[in-house]
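Take a look at the model first.

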Amino acid sequence: MKEIESNKHAWGQVSEDHYHYFKKALSEGTYQLNRHIVSELGDLAGKRIIHLQCNTGADTLLLARMGAHAVGVDLVPDNIKYAKQLAADLGITNVDFIASDIMELMDKHNEKYDVVFVSEGAIGWLPDLAKWGQTVRHLLKDDGFFYIFEGHPIALMFDEGKLPQGIIEIKYPYFKKTPDIDNTIGGYASETKSGVETFFWMYKTSDVLNALITAGLHIEFMHEFEENYYDMGGGKRVDGNLYKLDCNEGLFPMSFSLRASVYRK
């Protein structure tokens with residue numbers, strides 16, 4: 001799929017920058033999983049966990065530090081190269097990495113896991129959440145669970161350039177079916193790079209829920225939060241890696257978490 005190949009190329013342009021950024025942050029202890037993820041995942045000691053769309057593996061390594069045997073999967077070969085290097089640099093051995101398009105993972109990986117994990121800015125890069133849900137079920141043990149912490153689609157609708165000024169204006173329609181196209185990449189753990197073409201698919205809350213339910217999963221909980229996992233500009237850091245906008249006092253969710261397990265009659 002040309003859109004996926006274009007995204008793959010674009011993310012490869014920031015792989016090395018991400019490696020250096022996260023190596024420094026992980027070494028200094030300034031980068032951590034946010035408190036919602038830590039409390040809702042619970043005890044991971046001895047569990048096998050697979051992290052989908054792991055980028056250069058920072059979160060995967062934090063999961064490994066929680067006592068899990070962690071496997072990270074990412075589309076971009078350079079991301080996986082630098083994830084392995086990051087693990088070696090930090091002396092973390094209970095971790096593995098796989099280079100694969102998530103849309104093709106079912107065809108090449110048949111291991112089962114106690115936990116399937118997704119976090120922060122991942123699923124909008126996927127063109128087919130129904131297949132994503134099937135992939136989650138394919139990877140999950142019958143007694144395991146799926147967990148996601150992600151940007152809320154309501155927050156994704158708004159003009160990110162105006163939110164810091166308190167202007168809440170829709171720029172990206174909630175029901176849009178075609179991807180948004182950008183010619184830049186990066187900006188949070190690297191300098192913004194141009195000369196690329198990226199494709200991001202808006203997703204609805206119902207898309208996420210129905211993808212998992214149709215795949216045979218039972219929703220245990222869904223939580224919505226006023227905080228976001230990144231600073232959209234002018235945000236206040238309220239806890240670890242969570243940020244809150246002054247304009248958003250009880251108005252709309254910025255992120256959500258969800259846990260699901262295999263439905264058994």
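Arg35 is partly exposed, with a relative accessible area of 40% (partly exposed sits between buried, under 20%, and exposed, over 50%, using a 1.4 Å probe and protein chains only). This is a predicted model, where local features need pLDDT of at least 70, side-chain atom pairs count only at pLDDT 80 or more, and totals for chains, interfaces and linings use all residues. Residues are numbered from 1 along each chain as its sequence is written, and side-chain values use heavy atoms, leaving out hydrogens and water.

**Arg35 and Glu227**
- Arg35 pairs up with Glu227 in a salt bridge (a side-chain nitrogen of Lys or Arg within 4 Å of a carboxyl oxygen of Asp or Glu), with the closest N and O atoms 2.9 Å apart.
- That pair links distant parts of the chain, 192 residues apart: Arg35 is in helix α3 (residues 35-41) and Glu227 in the loop between β8 (217-225) and β9 (236-239); helices (H or I, at least four residues) and strands (E, at least two) are DSSP runs, numbered from the N terminus.
- Glu227 counts as buried, at 12% relative accessibility.

**Lys244 and Glu226**
- A salt bridge joins the side chains of Lys244 and Glu226 at 2.8 Å, N to O.
- Lys244 is partly exposed at 21%, and Glu226 is partly exposed at 27%.
- Glu226, Lys244 and Glu249 form a network of salt bridges.

**Asp246 and Lys236**
- Asp246 makes a salt bridge with Lys236, the closest N and O atoms being 3.3 Å apart.
- Asp246 counts as exposed, at 54% relative accessibility.

**Overall count**
- The salt bridge count comes to 17.
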